[in-house]
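My notes follow in the order I made them.

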Amino acid sequence: MGILTDRPVQGVILAGGSGSRLWPLSRQQLPKQFLKLDGEENLLQATVSRLSPMIAREDVWVVTGASHASGEAFSDLAGYHTILEPEGRNTAPAIAIAAAILQDETNADPVLVVLPADHIIKDPGEFQKRLDIAITAAEDGDLITFGIRPERADTGFGYIQTEAGVDAVLPVKRFTEKPDAATAEKFIRSGDYFWNSGMFVWRASAILEEIREHLPKLHDVLETMRSQWRGGESWQQVVKREFPRMPNVSIDYGVLEHSEKVRLVPCDIGWSDVGSWDAVYDISTKDESGNVCTGNVLAVDCGHSLLRSEHRLLAGVGLEDVIAVETADAVLLARRGDSQRVREIVDVLKERGGKEAIEHLTVRRPWGSYTVLEERTAGYKLKLIEVNPGASLSLQRHQHRSEHWVVVSGTATVTRDNETCSVAKNESTYIPIGMKHRLENRGRIPLHIMEVQVGEYLGEDDIERFDDEYGRTE
């Protein structure tokens with residue numbers, strides 16, 4: 001098997017989703033594409049791996065949120081070409097910008113393999129065969145989508161109707177977005193409908209021409225952006241400034257539903273969008289009682305349930321068709337079949353300002369991580385900070401809190417205004433309100449600090465940065 005084209009082929013991985021239906025494991029600052037849900041790789045890593053050897057890692061571009069690249073997903077994105085979105089605007093702007101940048105970066109008209117970062121494919125060999133067919137078909141200027149042969153009348157997916165046939169590539173007749181149950185049953189009986197996988201292959205010029213025709217406002221903004229980076233400005237700076245002007249629209253709704261150039265490659269590749277805990281249950285290996293147990297779980301007389309523990313012992317007795325997911329600061333309980341509604345919990349948490357929708361108790365940072373051990377609104381917070389060898393926090397100060405640091409392992413290099421000193425294990429230092437300070441680990445082992453914050457306001461946004469290795473200064 002091999003790609004039957006001399007045209008350069010580039011991978012475009014869309015990694016900007018929120019994954020709210022997989023709460024409490026998936027959160028706004030670390031959504032599902034950066035989590036390990038099936039094997040030793042997270043979903044982004046697995047998406048890139050299944051492209052190899054057809055598309056090399058250096059030919060893969062990841063479109064993601066700027067907050068991910070400087071926050072919890074920093075290490076997961078290291079080493080990739082990244083296109084950073086300042087805010088989410090759906091798939092059409094992301095794909096348009098990627099196509100334009102890759103045309104200019106390669107000085108060619110590459111074939112783009114556009115894949116979501118948060119899907120699971122159990123048969124990567126068959127996927128690569130289908131991908132080979134799609135790349136060859138895209139050479140003719142068509143827009144190729146992958147259609148999944150439906151296993152059931154699922155109302156959570158979009159559907160694509162094709163002309164009847166057994167060819168490897170089928171003409172598309174129409175798209176239908178998430179039908180009701182009766183319509184989905186009708187689609188299944190007809191035999192000419194497929195689930196919309198959200199995976200695409202096309203030449204850069206082909207999708208840009210269709211965007212010009214069907215999304216002229218988006219195309220106009222893109223051309224303005226392109227003229228600016230062709231004039232010598234960094235394309236990432238242009239994206240940061242101009243991207244919010246683009247319309248918020250999906251590539252399916254904005255382009256594919258109106259184009260006459262869309263064709264479909266039928267697939268049976270063990271695909272799942274893992275869009276809910278029910279989907280995780282479906283793809284997972286079950287025990288003899290039909291349970292999926294992950295982590296420190298004890299199940300007594302339980303059946304057909306998903307029980308997942310990230311920290312503590314999760315014990316169940318006499319449970320049937322239950323989903324239970326434990327994290328350090330939240331526990332989800334739901335009936336199997338209702339996990340699509342987990343998004344409603346996330347919506348309520350956001351409305352009332354609940355941090356459980358945003359981040360975990362342990363928050364990853366480019367330099368390491370911190371874990372909130374105790375937090376009281378009455379004026380103090382206790383953290384465990386881990387700084388990786390060779391890493392440093394930004395030079396910063398706070399207007400509303402002081403900090404007391406106790407080194408419990410490793411040696412800290414601490415900057416306090418104009419002085420720098422070493423603080424060894426069992427030693428401590430104090431950072432008053434308003435003092436510029438920096439914490440570094442110049443050693444070869446992880447540095448662990450117990451931090452006590454004291455102040456009237458202890459929010460993470462009380463940070464004024466003056467110098468930062470990760471570009472987080474204003």
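Entry 1: What is the order of the six strands in the open sheet? I am working on a predicted model. I read the order as 18-19-20-27-22-25, and the pairing is antiparallel. I then looked at the edges, where strand 18 (362-365) and strand 25 (428-431) stand. Each has a single partner strand, so one side of each is left without a neighbour in the sheet.

I followed strand 25 to its partner. Strand 22, residues 401-409, is joined to strand 25 by four bridges, and the two run antiparallel. For W405 I found T429 as the bridge partner in strand 25.

Which strands are bridged to strand 4? Strand 1, residues 9-15, runs parallel to strand 4 and is joined to it by six bridges. Here V9 has V111 as its bridge partner. Strand 9, residues 193-203, runs antiparallel to strand 4, with four bridges between them. On that side I found L112 opposite W202.

**Entry 2: a pocket.** I turned to the second largest pocket and noted a volume of about 470 Å³. I found 20 residues in its lining, with L25, L30, L35, E310 and H360 nearest the centre. By class, I wrote down seven charged, seven polar and six nonpolar residues for this lining.

**Entry 3: cavities.** How many cavities of 30 Å³ or more are there? I noted three. The largest cavity has a volume of about 40 Å³. Its lining takes in S18, S20, W23, S26, R27 and Q28, together with V346, K350 and A357. I sorted the lining of the largest cavity into four polar, three nonpolar and two charged residues.

Conventions
Residues are numbered from 1 along each chain as its sequence is written. This is a predicted model: local features need pLDDT of at least 70, side-chain atom pairs count only at pLDDT 80 or more; totals for chains, interfaces and linings use all residues. Side-chain values use heavy atoms; hydrogens and water are left out. On a 1 Å grid over the protein atoms alone, a cavity is a set of points where a 1.4 Å probe fits but cannot get out, and a pocket is an open set with protein on both sides within 12 Å along at least five of seven lines; lining residues have an atom within 4 Å of a point. Grid points are joined across faces, edges and corners, and a volume is the space filled by probe spheres set on the points. Ala, Val, Leu, Ile, Met, Phe, Trp, Tyr, Cys and Pro count as nonpolar, Asp, Glu, Lys and Arg as charged, and the others, Gly among them, as polar. Two strands pair if DSSP finds at least two bridges between them.
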